[in-house]
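I opened my notebook beside the model and wrote down what I looked up, one topic at a time. Here are the entries, in the order I made them.

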Amino acid sequence: MATELEDIVEHMRRFAWPDYLVFVSMLLLCILIGVYFGFVQRKPNTESEYLMGGRTMLVFPIALSLIASFISGITLLGLPTEVYSFGIQYVYVALGVTLMGFVMGFIYLPVFHKLNITSTYEVSNIPKSITTFVISASSHDESALSLT
């Protein structure tokens, strides 16, 4: 029995031809996407188009991008160990992250979108009167946010 388990472990340490096939095809797919958008579909990009996609992207790809940048590989690898070691109390973290997502989506990000800024560092470039107005308006009445 032990030798059978050792054989399985030894076999899993090496790539077989299907593993190489998947690895190489994913690598080629990434290269082809880069070549297509880098050379074939070349168009003049402004800073706004590069950083914000020209503000024409739909919600779903933006949400996927935010999720991918929020959840790292370490999280995916470490979460099962965390739950195994400390139990299901990790649900409290998931509830906090979910609550944070709603707060960001409905309170924080609409203010950024209305002000046409991409980072908190740009808030210092906004005149104090507008910043004070937005902060007070966002805490009291969302209808006062219509700056346009």
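**Entry 1: the record.** Before using the UniProt features I reminded myself that their positions are given in the numbering used here, and that annotations may be inferred rather than shown by experiment. I also noted that this is a predicted model. The unreviewed UniProt entry places the feature "transmembrane region" at residues 20-39, 59-79 and 91-111.

**Entry 2: those stretches in the model.** Residues 20-39 are 100% helix and 0% strand, and 28 Å separates the C-alpha atoms at the ends. Residues 91-111 also came out as 100% helix and 0% strand, here with 30 Å between the end C-alpha atoms.

**Entry 3: the overall fold.** How many helices and strands are there in the protein? I found seven helices and zero strands, so my sketch of the order from the N terminus simply reads α-α-α-α-α-α-α.

**Entry 4: surface and contacts.** Of the 148 residues, 5% count as buried, the cut-off for buried being under 20% relative accessible area. I noted an accessible surface of about 13000 Å² for the protein, with 70% of that surface belonging to carbon and sulfur atoms. Taking contacts between residues at least 6 apart in sequence, I saw that 31% join residues at least 24 apart.

**Entry 5: helix 5.** This helix covers residues 73-86, which is 14 residues. From first C-alpha to last, helix 5 reaches 20 Å, close to the 20 Å expected at 1.5 Å a residue. Where does helix 5 bend? I found a bend of about 35° at Leu79, and noted that a proline, Pro80, follows within four residues. After helix 5 comes Gly87, with a positive phi near 90°.

**Entry 6: helix 6.** Next I went along helix 6, residues 91-115. Helix 6 has 25 residues, and its end-to-end C-alpha reach is 35 Å, close to the 36 Å expected at 1.5 Å a residue. I marked a bend of about 40° at Met104. Asn116 follows helix 6, and its phi is positive, near 60°.

**Entry 7: aromatic pairs.** My search of the whole structure gave three aromatic pairs. In one of them, the rings of Phe15 and Phe23 have centres 6.4 Å apart and planes at 65°, so I logged the pair as edge-to-face; the cut-off for that label is over 60 degrees. Phe15 is partly exposed, at a relative accessible area of 47%, and Phe23 is partly exposed as well, at 48%. Ring pairs link Phe15 and Phe23 with Tyr20 into a cluster.

Why are Phe102 and Phe106 separated by about one helical turn? Because they are four residues apart in helix 6. Is Phe106 buried or exposed? I have Phe106 down as exposed, because its relative accessible area is 56% and exposed means over 50%.

Conventions. Residues numbered from 1 in each chain as written. Predicted model: local features only at pLDDT ≥ 70, side-chain atom pairs only at ≥ 80, totals over all residues. Heavy atoms only, no water. Helix = DSSP H or I, 4+ residues; strand = E, 2+ residues; numbered from the N terminus. Buried < 20%, exposed > 50% of the residue type's maximum accessible area, 1.4 Å probe, protein only. Contact = heavy atoms within 4.5 Å. Areas by Shrake-Rupley, 256 points an atom, 1.4 Å probe, with all protein chains shown as cover. Expected span 1.5 Å × (residues − 1). Bend = angle between axes of the 7 residues up to and from the residue. Phe/Tyr/Trp six-rings, centres within 6.5 Å; stacked < 30°, edge-to-face > 60°.
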